Amino acid sequence: MTQQASTKVNLLGMGLPALEDFFVNELGEKKFRATQVLKWIHQRRVDDFDAMTDVSKALRTKLKEVAEIVTPEVTYCKDSKDGTRKWVMKMPGGSAVETVFIPEEGRGTLCVSSQIGCALDCSFCSTGKQGFNRDLSSAEIIAQVWVAAKSFEVGEDGQSSVKERRITNVVMMGMGEPLLNFDNVVEAMGLMMDDNAYGLSKRRVTLSTSGVVPAIYELAKVTDVALALSLHAPNDELRNTLVPLNKKYGVQATLDACNHYMARFSEKRVTTIEYTLINGVNDEPQHAHELAELLRNTPCKINLIPFNPFPNSGYERPSNNRMHRFRDILLAAHYNVTIRKTRGDDIDAACGQLVGQVSDKTRRSERFIEAVELGRTAADIAANRGQRGAL
């Protein structure tokens, strides 16, 4: 069912407690009906109430009158030469988001968006240059998982491909800052982990944040998903340029919040530190040594990400030698370090390349285009942000 203007309740984004409340208090039905319907929607990927054969005909009729299961329209779906798949999904209002599936041996990771565009405007990220439109609802977030899982049920040859392309991990690393859409993201992640829905373990659902410090403390009260921090710099001065949010929540305050989040767990849990390596900007040996010192009291693993170029960024990807030198310094300091393999760059599905189709309410995209026409790049704008103001 594609999206239409409707006054009916969309059941897609409701977790089990909300769905139970709907069945008991809105429909006057037994609580167990919520579990039945939840399984039909998320485990069997059914969006037609008439297909829910163990639900009474009378209840199915009632559901059709007041509720619906609405998924976004897929306007683009393409596979990369390396097996990565990208979807563009159209949302109400005309904007669209991008979702990416990355297959690897023994696992399949789905990168999910939480907002249309992004409000943070990190200088090295193409998504931020599109501006910001709005938060996604919990239904629009979980719909990305639903659409991806549904697409892998039957291959092009008509045979089931679910074993070969099964979603084993979900990362909230697509368009947007998840913690600026707190309630909807938490609701959607709950569905990802619900045994009656997708049944992913808490270690296989990862929320990536640029460091919205108060929300990290709030997150610790409601969930135990894995946490990743988009750090990208070893000090406040450099991070202020790359990640403007750092001017509000500095590096140490952000790490303190991450340490608080992880300290609650009895088992060993660590924060994933994401660090995009940009040639000549944050990839020098002194940056690696400084990062090693900065993180010595933060249990973590470090994921080094080669910068993925986009038009008018003004930044460059480092050479393999520079990346390996940076990694080796951290390895010598006894950190668990990996260099992320770039995937899907031939279909603009690599990290930092997701742009969707954003009806920008911030005018940032318009101002960025104007700046480019004057010969300025994203790097120039970031370097002068403190003097001239952010885009």
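Predicted model: local features only at pLDDT ≥ 70, side-chain atom pairs only at ≥ 80, totals over all residues.
Residues are numbered from 1 along each chain as its sequence is written, and side-chain values use heavy atoms, with hydrogens and water left out.

**Around Ser151**

- Ser151 is found in helix α4 (helices are DSSP runs of H or I with at least four residues, strands are runs of E with at least two, and both are numbered from the N terminus).
- Its side chain reaches the backbone oxygen of Ala148 at 2.8 Å.
- Leaving aside neighbours within four places in sequence, Ser151 is in contact with Arg85 and Trp87 (contact means heavy atoms within 4.5 Å).

- An open sheet with mixed pairing is formed by 10 strands, in the order β3-β4-β5-β6-β9-β10-β11-β12-β13-β14 (two strands pair if DSSP finds at least two bridges between them).
- β3 (73–79) and β14 (336–339) stand at the edges with a single partner strand each, so one side of each has no neighbour in the sheet.
- On average, neighbouring strands of this sheet are turned by 20° against each other, direction ignored (axes are lines fitted to C-alpha atoms, for helices over the stretch in contact, and angles run from 0 to 180 degrees between N-to-C directions).
- Helix α4 packs on the sheet, touching β3, β4, β5, β6 and β9, and its direction makes about 130° with that of β4.
- Helix α8 (residues 251–263) also packs on the sheet, touching β11 and β12, with its direction at about 170° to that of β11.

**Strand pairs at the edges**

- β3 and β4 run antiparallel and are joined by six bridges; Val74 has Met89 in β4 as its bridge partner.
- These two strands form a hairpin with five residues between them, and Gly83 in the turn has a positive phi of about 95°.
- β13 (residues 300–306) and β14 pair in the parallel sense over four bridges, and Lys301 has Asn336 in β14 as its bridge partner.

Key
Polar contact = N/O pair within 3.5 Å; in protein donor to acceptor, adjacent residues only side chain to side chain.
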